[in-house]
Amino acid sequence: VGRHFSNEKNVKILDEVVKIAEEVKKTPSQVATNWMLQRPITSALVGAKTVAQLEENLGALDFKLTKEQMDRLNTVSAPQLPFPQS
């Protein structure tokens with residue numbers, strides 16, 4: 001886990017998620033889950049061992065991120081393509 005927190009790009013993504021969480025008055029995990037659900041994916045895998053964790057996960061369903069917020073998250077998390085795609 002430590003290597004993920006020493007990666008500057010991951011820290012930037014987390015910082016943006018936290019900023020948006022403060023804007024929408026939700027938790028960072030709810031923002032991250034909501035972000036994934038608004039992207040063109042087939043499903044988002046979530047897990048819960050307690051009722052509190054289930055309620056936390058379900059809190060990601062009762063709001064929508066704006067286009068601007070989605071763009072901010074997509075931009076900060078965009079993969080850096082290697083040569084020659086870059």
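This is a predicted model: local features need pLDDT of at least 70, side-chain atom pairs count only at pLDDT 80 or more; totals for chains, interfaces and linings use all residues.
Leaving out neighbours within four places in sequence, Glu16 is in contact with Arg72, Leu73 and Val76. With Arg72 there is also a salt bridge between the side chains, at 2.6 Å from N to O. This pair links distant parts of the chain, with Glu16 in helix α2 and Arg72 in helix α5, 56 residues apart.

A step back gives the overall picture. Of the 86 residues, 20% are buried. The protein exposes about 6500 Å², and carbon and sulfur atoms supply 60% of that area. Contacts between residues at least 6 apart in sequence were also sorted by separation: 72% of them join residues at least 24 apart.

Back to α2, and to its packing against α5. Helix α5 covers residues 67-77, and the two helices pack at an angle of about 170° with their axes 9 Å apart. Angles over 145 degrees count as roughly antiparallel, and α2 and α5 are therefore roughly antiparallel to each other. On the α2 side, the contact is made by Lys9, Lys12, Ile13, Glu16, Val17, Lys19, Ile20, Glu23 and Val24. On the α5 side, the residues are Gln69, Arg72, Leu73, Val76 and Ser77.

Helix α3 (residues 28-37) meets α2 at another angle, about 100°, with the axes 8 Å apart. That makes α2 roughly perpendicular to α3. Here Ile13, Val17, Val18, Ile20, Ala21 and Val24 of α2 meet Pro28, Val31, Ala32 and Trp35 of α3. Ala21 lies in α2, which spans residues 8-24, and with 4% relative accessibility Ala21 counts as buried. Setting aside residues up to four places away in sequence, Ala21 touches Lys26, Thr27, Pro28 and Val31. Ala21 and Ala32 are 11 residues apart in sequence, and their C-alpha atoms are 8.9 Å apart in space.

Charged pairs turn up elsewhere too, as a search of the whole structure finds six salt bridges. One of them joins the side chains of Glu8 and Lys12 at 3.3 Å, N to O. Both residues lie in helix α2, four residues apart, or about one turn of the helix. Glu8 counts as exposed at 56% relative accessibility, while Lys12 counts as partly exposed at 45%. Another salt bridge joins the side chains of Lys67 and Asp71, at 2.9 Å from N to O. Because they are four residues apart in helix α5, Lys67 and Asp71 are separated by about one helical turn. Lys67 is exposed, with a relative accessible area of 63%, and Asp71 is partly exposed at 34%. Salt bridges that share partners also join Glu16, Glu23, Glu68 and Arg72 into one network.

The surface has a nonpolar side as well. Leu37, Leu54, Leu58 and Leu61 form a nonpolar patch there, with about 380 Å² of accessible area together. Among them, Leu58 lies in helix α4, residues 51-58, and is partly exposed, with a relative accessible area of 47%.

Technical notes:
Residues are numbered from 1 along each chain as its sequence is written. Side-chain values use heavy atoms; hydrogens and water are left out. Buried means under 20% relative accessible area, exposed over 50%, partly exposed in between (1.4 Å probe, protein chains only). Contact means heavy atoms within 4.5 Å. Patches are made of residues with over 30% relative accessible area and no salt bridge: like charges are joined within 9 Å, nonpolar side chains (Val, Leu, Ile, Met, Phe, Trp, Tyr) within 5 Å. Accessible areas come from the Shrake-Rupley method with a 1.4 Å probe; for residues, only the protein chains shown count as cover. A salt bridge is a side-chain nitrogen of Lys or Arg within 4 Å of a carboxyl oxygen of Asp or Glu. Axes are lines fitted to C-alpha atoms, for helices over the stretch in contact, and angles run from 0 to 180 degrees between N-to-C directions. Angles under 35 degrees count as roughly parallel, over 145 as roughly antiparallel, 65 to 115 as roughly perpendicular and the rest as oblique.
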